[in-house]
Amino acid sequence: MAFLRRLGRLVLVVFVVTFFTFYILDRIPGDPAERLAGVSATPEGIEELREELGLSGSLPERYGSWVGDIVRGDLGDSLIYDGISAWDRIRGALPKTLETLVLAELMAFGLAVPLAIRSAQRPGGLVDRWSSATAFGLLALPSFVLGIYLMFLFAVILGWFPVLSKDLPGFTDDPVGNLKGYFLPSLTLALNLLAVYVRLLRTDLIETLQQDYVMLAQARGLSTRRVMWRHVLRPSSLNTVTAAGLNVGGLIGGAFIVEVLFAYQGMGRVFIESIIGKDYFVVASMVTIIAVGYVMINFLVDILYSVLDPRIRRLSA
Amino acid sequence: MRKRLGILFWIAVLWIVLVVFLAIFRDSLPIADPVARLARSGECERFERPSWSRWFGCDNAGRDIFARSVEGARPALVLGVVVTGIAGTIGTLVGVISGYIRGLFDTVMTTIVDISLAFPALVLLIAVSVAFEPSLRVFVIVFSILGIPGYARIVRGATFALAEREFVDASESMGATRARIVRRELLPNVALPVLSFAFIGFALVIIAEGGLAFLNLSLDGITWGKEISEGRHFIVDHPHVSLIPSTVMFLTILAFNLVGDGLRSLVAPREVATARRLHIEGTPEPRSEGDDAVLRIVDLSTKLHTPGGLVEPVDQVSLSLAPGEALGIVGESGSGKTMILRSIVGAFPLADVTRAGTVEVDGVDMLRSADTVSRRTLGTNIGMVSQNPLTALNPVRRVGDQVIEPMIVHGDLSRADARERALELLQQVGIPAAERCLREYPHQLSGGMRQRVTIAIALANEPKLLLADEPTSALDVTVQDQILRLLDGLRRERGMGMVLVTHDLAVVKGFTDNVAIVYAGQVVEYGPTAEIFANPQHRYTVALMNSMPDLNLPSHSELTTIEGAPPSLIDPPSGCRFAERCPAVQDKCRTDDPVRAGTDVHSYSCWFPMSEHPVEVS
Amino acid sequence: MAGTGDAHLREDAHLVARDLVVEFSGPNKTVVHAVSGVSFDLIAGETLGVVGESGCGKTTSGRAVMQLERPTSGEVTLRGQRLTDLQGTDLRRARRAMQMIFQDPISSLNPSRRVKDIVREGIEIWGDPDGASTSDRIDEIMEAVGLGGDDVGERRPHEFSGGQCQRICIARALVLDPEVLILDEPVSALDVSVQAQILNLLDKLKEQFQLTIMFISHDLAVVKNVSDRVMVMYLGKVCEVAGTDALYAKPTHPYSRALLASIPGHELDLPPASELISGELPSPIDPPSGCRFRTRCPHATAKCATEEPVLRAVAEDHYVACHHPGSV
């Protein structure tokens with residue numbers, strides 16, 4: 001039941017967002033058919049081309065036929081590049097963006113959990129004060145500023161990583177080169193996330209540590225380590241998991257920016273290029289993929305949430 | 001309620017004031033023309049480094065970076081102020097209505113907010129910025145729309161919590177209209193959180209504008225984002241061109257965040273938890289020959305080092321418990337009765353704690369033994385039951401896992417054996433469907449059942465000492481009776497010693513052999529339960545007994561009250577701590593600490609005990 | 001109807017609740033039967049104690065009388081005026097005559113307002129009932145609740161202890177010169193010594209301000225101390241209604257007996273509680289048919305499952321909703 005409602009919501013979100021995209025694109029000045037046909041084209045020729053491209057008719061009609069194509073698995077063709085489908089455009093960009101995002105989340109959680117645990121064990125201690133101050137500073141760093149700082153420090157001064165991440169080898173061909181290239185963009189995104197996660201997790205850990213059941217666990221003579229990992233961590237992780245879900249939107253935005261900064265052809269750059277070129281179907285397809293991706297991730301977060309907290313399981317059951 | 005905001009807060013305020021001042025009065029200040037190519041006139045070289053005469057240096061076209069940074073502050077501030085104003089006002093109204101009136105409006109609002117908060121705002125921004133020619137007006141509208149959900153969510157959350165509070169009910173009972181409740185009871189309480197969030201929201205506007213500028217989708221003219229975006233191409237050879245505007249932007253955002261955070265700390269003070277540190281002082285009191293007490297406490301003092309000062313909730317407490325005996329500890333809230341138990345097991349909330357004196361459980365020094373030894377004693381010889389069964393069990397672990405854990409860790413049982421024994425235990429504590437209960441989570445059980453599970457866990461390794469901290473205070477009276485009888489039965493059956501901490505004299509009367517009356521951290525009277533109820537000596541004991549409504553007296557019997565409130569434990573008064581509230585107080589009581597009087601069996605710390613001065617001294 | 005009936009209602013009552021039903025929507029479209037057909041009345045100047053364990057519907061009944069929870073059905077009349085029919089301004093106006101005091105005194109006071117403004121709120125809304133000068137009246141009331149003194153009004157709630165906050169709440173309620181006070185667990189959050197202060201204060205104020213009081217509590221000893229008449233509730237139903245001393249001397253409903261027998265240190269002639277009650281409280285989402293107490297009652301018969309007992313007199317002014325009151 002809850003699943004169906006959620007699925008309904010997903011479909012609704014995708015419809016609203018893609019229709020809105022069509023509407024927006026319609027407002028952008030310029031006609032792709034005219035441009036594609038070239039300067040020598042006759043008005044009839046342009047009209048013909050428009051028909052062929054699925055650009056004729058009213059906005060709802062065009063949207064309707066595009067949805068119909070999507071259902072058949074056809075995302076449409078690019079209007080800028082002849083003979084290239086929207087899927088081709090996306091296929092090249094998507095893995096790059098995904099790799100950046102996955103690396104960023106891995107780094108963020110990998111650092112946040114131990115840091116938060118250390119901080120919560122000794123609030124006001126050295127680790128805690130430094131990690132809190134750093135997190136606060138990181139929150140004030142927009143990704144493009146942080147990216148420039150990191151680029152300057154690690155690439156320009158230290159020279160450990162390439163300044164730009166253009167034309168990177170595939171992960172399977174050259175894992176080291178690949179990871180080296182994606183390291184700085186991912187780190188840029190990861191540090192922003194890290195700040196959010198550490199602050200939330202630390203606060204919740206401290207709160208859980210003061211619960212009766214933790215006091216009783218200590219009074220049962222369990223080791224500090226066991227108490228922390230078995231009793232405290234799981235009930236404290238709910239807000240952090242929620243934040244991870246909520247942050248996906250911001251993270252995608254951040255990914256767009258680091259792609260521009262580190263100059264590689266991910267979803268962000270393709271998106272901007274397409275939107276400026278009024279490349280209808282590429283833009284709409286990308287928006288669809290992002291919307292579906294976002295809803296799926298939040299769906300996963302909800303599932304994870306109910307795995308972590310059995311009390312929620314009953315409510316949604 | 002003046003609280004310290006800290007030096008950083010004021011530095012941040014100063015920075016914001018400085019940025020605003022420069023942005024407003026740029027034209028009347030001696031600042032270079034931001035668009036003039038000074039390299040042409042020879043005033044400045046291209047990529048000139050920062051120096052005393054030209055603070056921020058020059059960019060690729062030989063333009064003054066300081067002037068450009070000041071100029072860039074203008075669109076950032078204008079956008080920030082207008083958007084924060086619009087989004088803050090609308091968002092607050094939507095949030096208050098949604099949180100207070102609730103209903104359909106709330107459901108719709110929450111759904112919209114949830115979706116919009118999680119969807120990538122930048123994608124939308126890009127689309128809109130391309131579709132409409134980027135202008136200040138377009139930016140204001142789009143940023144405001146994107147900002148509203150954030151405010152609405154925060155205000156709704158705060159309002160929702162406030163509306164649950166009884167003062168809203170009270171206002172409604174008095175006949176206040178809804179509009180009045182919103183105005184008088186709700187808005188003043190959400191004002192500060194909104195203001196605090198407004199500063200953070202302001203920073204977000206600056207970030208969003210910067211992000212767009214970075215993607216070449218910004219306003220005409222000079223903005224910080226554009227400066228950074230253009231300067232980054234020279235990062236390798238001329239890093240200052242991008243690093244300087246980046247840093248200006250970073251510091252401004254940081255300043256807004258600091259102010260927002262400082263304001264928030266006024267509403268929800270930052271938690272002052274200190275690190276958990278345990279110190280031990282003094283030397284142990286040797287045990288006398290033939291003393292087989294399962295619990296021996298001699299001159300135990302516990303001090304908590306808190307930000308408010310040194311608190312001493314346990315002051316020179318001495319107690320002893322023979323095997324199989326039940327000892328009651330009675331006191332009001334804040335008397336330190338629970339702290340005595342915590343001092344035995346060494347489990348405290350996050351705090352810096354010093355314990356002095358002797359605590360021995362079954363011959364093991366709980367204060368000074370090695371960690372492994374005291375942990376082993378905790379695990380095998382002590383069982384503990386706490387006050388609130390709702391919080392005593394870990395909500396996310398199955399009952400079974402929680403029951404078998406101590407057996408596996410300390411009892412060296414295999415998982416299967418431990419499970420077998422857990423079943424037995426649950427049956428012993430009176431849980432009907434024990435098999436099913438093992439698989440359940442705590443929230444699936446009633447309060448009484450949860451308390452039975454807590455007892456089962458406490459009994460897992462056959463302890464010699466059971467510490468029960470208000471085990472029934474959170475339970476209904478019929479359940480309380482069941483639990484008390486269960487504890488009593490188990491104690492007799494197993495010959496366990498039991499310490500029962502409670503505020504309820506009636507509970508003590510029925511279920512203990514000895515009782516200690518605690519007031520303001522001290523044991524004021526200690527002896528056999530029957531003896532103390534028949535023949536109370538300390539004035540506080542007497543007053544406590546008389547102030548309890550008695551079921552055996554007719555209705556409307558006047559109750560004896562104890563006027564005033566217990567003293568603060570931060571700096572307790574000298575002399576008898578009960579002196580201020582005592583009906584029989586004398587001058588001596590206020591100056592001299594009472595000396596323990598009475599016999600070895602029944603002792604009390606009072607200068608004018610009942611037996612010597614049966615009538616009230618005046 | 002079970003634990004229902006109105007045999008115990010009196011002619012000259014000041015406040016009457018008749019067949020009160022309050023239902024909430026529970027998770028997954030279930031219905032929580034919080035209060036199911038409860039009737040009671042208060043004559044002027046009387047204190048009615050309402051006692052029962054958590055989930056019995058005593059608090060919900062109090063809130064339904066106040067119209068803070070609108071009853072699903074049934075009626076509440078005050079001096080003959082049906083509050084359950086009123087809406088909007090009429091309801092607000094009628095509600096003035098009743099005031100409620102809540103369990104948590106700290107949560108009952110708006111932390112951001114000064115005590116003076118909190119206490120004056122009623123007058124701000126309605127104007128001064130006596131026409132006497134407002135500040136005199138407030139001084140008089142603050143004096144009456146034991147908070148006289150110059151600087152009290154300027155301070156904010158967090159500067160006061162729980163007991164003092166409860167006094168402020170009482171003062172706020174008294175400003176409107178109410179006829180009926182509904183007290184929901186007013187002393188449960190307080191320590192024994194402070195509890196006695198508040199109980200004595202309430203007794204004094206009842207005389208001084210001629211109050212009619214509905215006193216809701218889980219504590220049988222406290223209820224006995226303050227009440228003229230006591231109503232015992234279980235799972236949204238009334239079990240027993242009687243004069244205080246009569247009920248405590250001769251509890252007749254099996255649940256009342258179990259309750260009293262559970263109190264540690266009681267000196268009543270009752271068997272141990274374990275023989276009077278067993279099992280767990282059923283869910284109010286799916287309450288037992290017939291008599292709601294039957295699943296835990298040692299005397300339950302087939303009749304108890306099919307037919308709901310109605311309140312009937314077992315002695316003068318002593319009403320019990322049980323099919324087998326004689327068997328106990």
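1. In this predicted model, C:Leu15 stands opposite C:Leu78, a residue of S4(C). The two strands concerned are strand S1 (residues 15-25) of chain C and strand S4 (residues 73-78) of chain C, which run antiparallel and are joined by 5 bridges.

2. These strands belong to an open sheet of 4 strands in chain C, ordered S2-S1-S4-S5 with antiparallel pairing. Strand S2 (31-42) and strand S5 (81-82) of chain C are the edge strands, each pairing on one side only.

3. Chain B is split into three parts: domain 1 (73-267), domain 2 (281-534) and domain 3 (535-618). Taken over C-alpha atoms, the centres of domain 1 and domain 3 of chain B are 59 Å apart.

4. Helix H12 (residues 267-276) of chain A has 7 of its 10 residues buried, so the helix is largely enclosed by the rest of the structure. The buried residues in H12(A) are A:Met267, A:Gly268, A:Val270, A:Phe271, A:Ile272, A:Ser274 and A:Ile275. After H12(A) comes A:Lys278, with a positive phi near 55°.

5. The largest nonpolar core holds 121 residues, and those that touch the most other members are A:Phe256, A:Phe271, B:Ile126 and B:Phe143. A second, separate core has 68 residues, including C:Ile101, C:Cys169, C:Leu181 and C:Val226.

6. A:Thr100 is located in helix H5 (residues 86-121) of chain A. Its relative accessibility is 0%, and buried means under 20%, so A:Thr100 counts as buried. Apart from residues up to four places away in sequence, A:Thr100 touches A:Tyr182, A:Pro185, A:Ser186, A:Leu189 and A:Tyr264.

7. Over all chains, the structure has 21 aromatic pairs. In one of them, A:Phe19 and A:Tyr63, the ring centres are 5.1 Å apart and the planes are at 85°, so the pair is edge-to-face. A:Phe19 lies in helix H1 (residues 2-27) of chain A and A:Tyr63 in helix H4 (residues 59-71) of chain A, so that this pair links distant parts of the chain, 44 residues apart.

8. B:Tyr519 and B:Tyr540 form a tilted aromatic pair, with 4.5 Å from centre to centre and 50° between the planes. B:Tyr519 is in strand S10 (residues 514-519) of chain B and B:Tyr540 in helix H21 (residues 539-547) of chain B, so the pair ties together parts 21 residues apart in sequence. Both B:Tyr519 and B:Tyr540 are buried.

9. Chain A also has an aromatic cluster made up of A:Phe154, A:Trp160, A:Phe161 and A:Phe183.

10. Two arginines lie over ring faces. B:Arg102 is over the face of B:Phe160, 3.7 Å from the ring centre. C:Arg96 is over the face of C:Trp126, 4.4 Å from the ring centre.

Note on methods: Residues are numbered from 1 along each chain as its sequence is written. Chains are lettered from A and ligands numbered from 1 in the order in which they are written. This is a predicted model: local features need pLDDT of at least 70, side-chain atom pairs count only at pLDDT 80 or more; totals for chains, interfaces and linings use all residues. Side-chain values use heavy atoms; hydrogens and water are left out. Domain bounds come from an automatic or database domain assignment. Buried means under 20% relative accessible area, exposed over 50%, partly exposed in between (1.4 Å probe, protein chains only). A nonpolar core is a set of buried Ala, Val, Leu, Ile, Met, Phe, Trp, Tyr and Cys residues joined through side-chain atoms within 4.5 Å. Rings of Phe, Tyr and Trp (its six-membered ring) pair if their centres lie within 6.5 Å; planes under 30 degrees apart count as stacked, over 60 as edge-to-face and the rest as tilted. A charge sits over a ring if NZ of Lys or CZ of Arg is within 6 Å of the ring centre and within 35 degrees of the ring normal. Contact means heavy atoms within 4.5 Å. Two strands pair if DSSP finds at least two bridges between them.
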